[in-house]
Amino acid sequence: MQSGFSIPGQFKDQIERLSVYLNRIAHFPFHWARPGSTPDQPDFFRYDAERLARMINSAEHFLRCLIIWMAWLRLHHGEVTPRRVSAMPQPIGRRPVPEEDMHPDFALRGLPLRIARLPAFRISLPEDRGAATPRANAKGKPSAHRPRNDDTLSGETLIARAERPDKILEDLDARATRYASWWAGRLSLDRQSTEPAFTPLKHWQPPPDILDGAPPDEEADLLAIHDVACRAAAAIEASPRII
């Protein structure tokens, strides 16, 4: 930690709460992986795969809120070197990678040429694009089809994602410092700009997909940490120039 900066007790308490959920994620495959699957290549019934995905999304959101809170603490204590920014960061599109020739054995087995990359962990949530609408069938009515819960899904990607929150937690301070540095640079821009206020969380409640099915203790913790992060982000945006 930087000199003159101390983490408040409430922050440490929240990290301890997060460790409870990370522990649940770590033990999930041992209890719910499909019988006969291996620890390295576990399979889950669809219902259980969706449960694990929600738990991972919940942990990642918890970390997102902690990083925003820590960034505010850094800025509040004035221990940040502003990073030069000319505008709000824009998504960078990836250049298409030319496909290579695939060995026929891979094609016959339906195997991909490359292993799928994990979705990136982002501190800011994407813009709200509205609620999803149910699919319609040929007659124009919402489809009643639902995926079978006894379908099995390969858990390799889920396990890789399940291992990531621990690594993010280890890098929490560095990530928050980088984020605070970007934020400090942005606050040094002309406040007469027509750019809208930057709101990393977009809404005063957590994303509904991570609350749906969450145990009561986890739901309460998510609502609390999300509220803290929203207030931290609002305080940063409302503050006078700190540079």
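1. There are six aromatic pairs in this structure. For the pair call, rings of Phe, Tyr and Trp (its six-membered ring) need centres within 6.5 Å; planes under 30 degrees apart are stacked, over 60 edge-to-face, and the rest tilted. Take Phe28 and Trp32: ring centres 6.4 Å apart and planes at 35°, so this pair is tilted.

2. A quick word on provenance: this is a predicted model, where local features need pLDDT of at least 70 and side-chain atom pairs count only at pLDDT 80 or more, while totals for chains, interfaces and linings use all residues. Numbering runs from 1 along each chain as its sequence is written, and side-chain values use heavy atoms, with hydrogens and water left out.

3. Phe28 and Trp32 share helix α1 (residues 9–32), sitting four residues apart, about one turn of the helix. Helices here are DSSP runs of H or I with at least four residues, strands are E runs of at least two, and both are numbered from the N terminus.

4. How buried or exposed are these two? Phe28 is buried at 3% relative accessible area, whereas Trp32 is partly exposed at 40%. The cut-offs are under 20% for buried, over 50% for exposed and in between for partly exposed (1.4 Å probe, protein chains only).

5. Phe28 also pairs with Phe44: the ring centres are 6.0 Å apart and the planes at 45°, so that pair is tilted. Phe44 is in strand β1 (residues 43–45) and Phe28 in helix α1, so the contact ties together parts 16 residues apart in sequence. Both Phe28 and Phe44 are buried.

6. Phe28, Trp32 and Phe44 make up one aromatic cluster.
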